[in-house]
Amino acid sequence: MSLMDQFKSGLARSRDGFIGRLGGLFSGGDIDQEFYDELEEILVSGDVGVQTSIKLVERLQDEIKGRKIKEREEAKNLLLELIVQIMGSAEITNEPDQKPYVILLVGVNGSGKTTSAAKLASLYKRSGKEVLLIAGDTYRAAAIEQLEIWSERTGVDLMKSQAGSDPSALFFDAMNAAKARNVDVVIGDTAGRLHSRYNLMEELNKIYRVIGRNIDEAPHRVLLVVDATTGQNAVAQAKKFNQSVPIDGLILTKLDGTARGGIVINIQDELDIPVSYVGTGEKLEDLAPFDPEYFARALLEI
Amino acid sequence: MFSNLAEKLQDTFRRLKGKGKLSEKDVDAAMREIRLALLEADVNFKVVKEFVNSIRERAVGQEVMGSLTPGQQVVKIVNEEMTGLMGAEQSKLARGEKGPAKVMIVGLQGSGKTTTAVKLASYLRRDGRNPFLVAADIYRPGAVKQLEVLSSSIGEKYYSNLENDPVNICKEGLKAAERENADVVIFDTAGRLHIDNEMMSEISTIKDEIKPEEVLLVVDAMTGQDAVNAAASFNEALGLSGVILTKLDGDTRGGAALSVRKVTGCPIKFIGVGEKVEALEPFYPDRMASRILGMGDVLSLIEKAEATLDQDKAKEMEKKLRQQQFTLEDFRDQMGQLRSMGSLDDILNMLPSGGNIPKEIKQMSLNEKSLIKIEAIIGSMTREERTNPSILNSSRRRRIAQGSGTTVQDVNRLLNQFNQMQKMFKQMNMSGKKGMGKKMKKLKNRFPF
């Protein structure tokens, strides 16, 4: 199955959600206030956020007036375009351009960092890269074991340290090991932390600095892992994490549920942080590059 | 939690109360504001719609328009509806009729089930019960190990078996619990998507086999609109008895709590408020409703203070305050104790009408970063300087600023605040002597802010 198909099959399930099934909205009828209200509701129910939803609908209204559009079908395509425009503005490359190419995964508790690290390792491994995983979550009980099991399943090397030890020290050693072993891609897992915890965010910044001290310009990518079921709080997460370590992209996980992850529109719009990958299941292969158009279709339920 | 929502609602209330006459337009405007506030807090849009509609219906009716104080009437209606939405009384865990009570923990992936299961065991132990844990999540790598490590760390017994299937693990686990004479068994099940038919039927089989007294859904407080979908599906498949809301220690607005409560009709029984094993608290809906509506939650505050603060120290402090010997050293001590109670924002939100506390005070004492600064400044003083701040001349202040990595302005600001506080105590001592409730008196002494 191609990556795109996976992305679609994962999202297809989300689209069967029983709340907000408004597929008929775009099929016929006039463009009236009721149409706009329902549109706003679809966006809000997809976690786009009420302010952004209103903004989007207003922009659509202007465009519709400007282009003298009468059909709902055309209006639909216009909104699709608007969202794709916002979400697809950044050029996303997932190809490593340095060696070793260091990727750091960060995020709040339970967003899916460890699983995403394993999936990402598997993705690079399948494309023929030499990968090294770092079990940087030394805090949560058995997080190291969790990644250890994944590393066995993917056949990717793992660097780990004692539970409860300082993650920065582990990352320092891991960078040396990566250079010595001549690996292509290094993927670092970190402990989940709430963005409102000042000390934990400082710890993260320290990890970031330690990596950079050992390998120039590393980490080359910092990805924030965001659970697609998250509501408006995801914007606060992105903001605070971005203050601690510069975030290059998002991994939007758990898109195989009924949540549509509309909050990433705000994050892209406000902070200019694009979505890099989406997680669509529990298997190692269930990670795909982000497709703005497919995302927009799923969000609008069309 | 909820502080943002509370602020917005209280703004709306203030505007309404100021009006002598209320037109339908005024009501509409207020309803729009309430709708926005709730949506921004992630309350599900259908729940919001119903909520706003029922308020509007009552608000434009005779009940309000005919009254002399229509604004206040609307506020009263919102209060009633909100309290109705949150539920009234705190609901306790059911006990087993014969044998141990069985508690099943269910939920989506990453909501915090395993951590919550162990926190619940720790809570029940402190409550005088004898809990036992069963590790039934054999799907997520390392999940069983996580439960084993966490349980052992607090000395709780558990059953685990990686070779068996979840249904049998639960059955065996129950037997093991009975052998151990446990009076409550907590089953930690695997995270699953509510639309995964296979996994959902597995969990209803487990339920049929062990016949639990409690099926608790664990919900991440940061969940958005989708919270209702998951909650409704789990409720349909299993018949939930309650909800545990996790990760409330963040800056989430927690609207999911209202949504989940509305779609399932189940009470929220516990909330998770931190990473430590002890960080699980019973949930009091009435108190939370009054917190949202700005009426404060003094009861929780007193309980929290009594649970965390050192009683002897508090008495000593009270004496010091009375004799006006409160020093910077005591100030630092108190701050440490305060911080061990949780974030200062949380504490302030429990005070009656968060709206009445001037913004300046909030900003002064609430920024955690500035607290760290204050601690550093006091830490850089000599003992003599701490007990007698009046000797702090400019060269001493410079040295302190340098030592604590702050500026002389920071040091001056702190000293000013400290002076203000001492003045406040003096006044409090005088007014405190006449009829204030005993608890309140204690409380005031403990919280100079």
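**Figure 1. Overview of chain A.** Chain A contains eleven helices and eight strands in this predicted model. Of its 302 residues, 52% count as buried. Among chain A contacts between residues at least 6 apart in sequence, 77% join residues at least 24 apart.

**Figure 2. The sheet of chain A.** Eight strands make an open sheet in the order E3-E2-E4-E1-E5-E6-E7-E8 (chain A), and the pairing is mixed. At the edges are strand E3 (157-159) and strand E8 (287-289) of chain A, each of which pairs on one side only. On average, neighbouring strands of this sheet are turned by 25° against each other, direction ignored. Strand E2 (residues 131-134) of chain A is joined to E3(A) by three bridges in the parallel sense. Within E3(A), A:Met159 is the residue opposite A:Ile134. Strands of a sheet pair through backbone hydrogen bonds, either parallel or antiparallel.

**Figure 3. Helix H5 of chain A on the sheet.** Helix H5 (residues 113-126) of chain A has 14 residues, and the distance from its first C-alpha to its last is 20 Å, close to the 20 Å expected at 1.5 Å a residue. H5(A) lies across strand E1 (101-106), E2, strand E4 (185-188), strand E5 (221-227), strand E6 (249-253), strand E7 (275-279) and E8 of chain A. Its direction is at about 170° to that of E2(A). The buried residues include two lysines, A:Lys113 and A:Lys119. Also buried are A:Thr114, A:Thr115, A:Ser116, A:Ala117, A:Ala118, A:Leu120, A:Ala121, A:Ser122, A:Leu123 and A:Tyr124. After H5(A) comes A:Gly128, which has a positive phi near 90°.

Figure 4. The peptide bond from A:Lys99 to A:Pro100 is cis, with omega near -5°. A:Pro100 is in the loop between helix H4 (72-87) and E1 of chain A. A:Pro219 is in the loop between helix H8 (198-214) and E5 of chain A. The loop between H8 and E5 of chain A also holds A:Glu217. A:Glu217 is not a glycine, yet its phi is positive, about 60°. A:Glu217 counts as exposed because it has 9 C-beta neighbours inside 10 Å.

Figure 5. The open sheet of chain B has eight strands in the order E3-E2-E4-E1-E5-E6-E7-E8, with mixed pairing. Strand E3 (158-159) and strand E8 (280-282) of chain B are at the edges with a single partner strand each, so one side of each has no neighbour in the sheet. Strand E7 (residues 268-272) of chain B and E8(B) run antiparallel and are joined by three bridges. B:Ile271 has B:Glu281 in E8(B) as its bridge partner. Helix H11 (residues 255-264) of chain B packs on the sheet and touches E5, E6 and E7 of chain B. The direction of H11(B) makes about 165° with that of E6(B). Helix H6 (residues 113-126) of chain B lies across several strands, among them strand E1 (101-107) and strand E2 (131-136), and runs at about 170° to E4(B).

**Figure 6. Strand E6 of chain B and its two partners.** Five of the five residues of E6(B) are buried, so the strand is largely enclosed by the rest of the structure. B:Gly242, B:Ile244 and B:Thr246 are buried on one side, and B:Val243 and B:Leu245 are buried on the other. In a regular strand the side chains alternate between the two faces of the sheet. E5(B) and E6(B) run parallel and are joined by five bridges. B:Val219 has B:Leu245 as its bridge partner in E6(B). The chain passes from E5(B) through H10(B) to E6(B) in a right-handed β-α-β crossover. Three bridges join E6(B) to E7(B), also in the parallel sense. In E7(B), B:Ile268 is opposite B:Val243. E6(B), H11(B) and E7(B) form a right-handed β-α-β unit.

**Figure 7. An exposed loop residue of chain B.** B:Asn181 is in the loop between helix H8 (166-179) and E4 of chain B. Its phi is positive, about 60°, although B:Asn181 is not a glycine. B:Asn181 counts as exposed because it has 9 C-beta neighbours inside 10 Å.

**Figure 8. Contacts between the two chains.** In this view, 36 residues of chain B are in contact with 37 residues of chain A. Helix H2 (24-40), helix H3 (45-59), helix H7 (143-153), helix H10 (227-238) and helix H18 (368-379) of chain B each give two or more residues to the side of chain B that touches chain A. H7(B) gives the most, with four residues. The residues on this side of chain B divide into twelve nonpolar, twelve polar and twelve charged.

Terms used:
Residues numbered from 1 in each chain as written. Chains lettered and ligands numbered in written order. Predicted model: local features only at pLDDT ≥ 70, side-chain atom pairs only at ≥ 80, totals over all residues. Contact = placed C-beta atoms within 7 Å. Nonpolar A, V, L, I, M, F, W, Y, C, P; charged D, E, K, R; others polar. Pairing = 2+ DSSP bridges. Axes fitted to C-alpha atoms, helices over the stretch in contact; angles between N-to-C directions. Expected span 1.5 Å × (residues − 1). Buried ≥ 20, exposed ≤ 12 C-beta atoms within 10 Å, placed from the backbone. Right-handed = clockwise from strand over helix to strand, strands pointing away.
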